[in-house]
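Hi,

Here is the structure I promised to pass on. Please have a look at it first, and then read my notes below.

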Amino acid sequence: KSALAMNVVMAVAKQGIPSAYYSLEMGKTELASRCISADMNIPASVIMNKPLSDAQMNVLNHAIKKNRNLPIYFDDNSTLSFDRTIRSIRTMAKTKGVKLVVIDYLQIYNQTAESEEQGMSYMARACKNIAKETGVAVIALSQLNRSALHPSIRMLRGSGQIEESADNIVLIDRP
């Protein structure tokens with residue numbers, strides 16, 4: 001789900017549309033590596049963890065130059081609360097003109113609600129509200145409960161709350 005979301009962000013940014021990516025799992029360096037790895041045809045894990053050959057370094061340098069000025073903003077602050085993420089989206093929309101936001105992923109946020117269902121409800125509504133308030137498209141990634149062969153909305157953790165607030169839900173099935 002993260003790789004697909006990053007590809008969407010890259011495609012949008014290459015059209016000159018400012019985008020923001022919020023991740024509590026990956027740091028800015030790893031996110032940037034994921035961005036340029038597609039242009040290099042080299043996995044991000046290789047870029048991050050293995051010595052690159054001279055040819056790969058040349059390709060890496062070219063990819064960095066090509067993507068350096070893309071309007072992509074990463075927020076990897078692992079201490080973020082969801083409310084702080086929403087405030088950051090509001091600020092990014094005003095100061096950077098961000099039009100697309102990816103939140104990777106909802107269930108990883110520390111929830112202060114009494115139950116997971118209440119927490120998911122709050123976050124889903126907050127995503128909808130910030131999108132309406134700022135005119136920003138929000139893609140909120142979510143985990144699935146993996147109890148069946150093929151995904152369905154019922155497998156989405158907190159699905160009732162997410163389904164109720166979402167304009168669209170996309171489930172990806174790679175058999």
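This is a predicted model: local features need pLDDT of at least 70, side-chain atom pairs count only at pLDDT 80 or more; totals for chains, interfaces and linings use all residues.

As you will know, a disulfide is a covalent bond between the sulfur atoms of two cysteines. In this model, a search of the whole structure turned up 0 disulfides.

Cys35 also takes part in a helix contact. Helix H1 (residues 2-14) packs against helix H2 (residues 28-40) at an angle of about 75 degrees, and their axes lie 10 Å apart. The two helices are therefore roughly perpendicular to each other, since angles of 65 to 115 degrees count as such. On the H1 side, the contact is made by Ser2, Ala3, Met6, Asn7, Met10 and Lys14. H2 contributes Leu31, Arg34, Cys35, Ala38 and Asp39. By type, the residues of this contact divide into 6 nonpolar, 2 polar and 3 charged.

One more residue to look at is Val59, which sits in helix H4 (residues 54-67). Val59 counts as partly exposed, because its relative accessibility is 36% and that class lies between 20% and 50%. Val59 and Ser37 are 22 residues apart in sequence, and their C-alpha atoms are 9.9 Å apart in space.

Best wishes

Terms used: Residues are numbered from 1 along each chain as its sequence is written. Side-chain values use heavy atoms; hydrogens and water are left out. Axes are lines fitted to C-alpha atoms, for helices over the stretch in contact, and angles run from 0 to 180 degrees between N-to-C directions. Helices (H or I, at least four residues) and strands (E, at least two) are DSSP runs, numbered from the N terminus. Angles under 35 degrees count as roughly parallel, over 145 as roughly antiparallel, 65 to 115 as roughly perpendicular and the rest as oblique. Contact means heavy atoms within 4.5 Å. Ala, Val, Leu, Ile, Met, Phe, Trp, Tyr, Cys and Pro count as nonpolar, Asp, Glu, Lys and Arg as charged, and the others, Gly among them, as polar. A disulfide is a pair of cysteine sulfur atoms within 2.5 Å. Buried means under 20% relative accessible area, exposed over 50%, partly exposed in between (1.4 Å probe, protein chains only).
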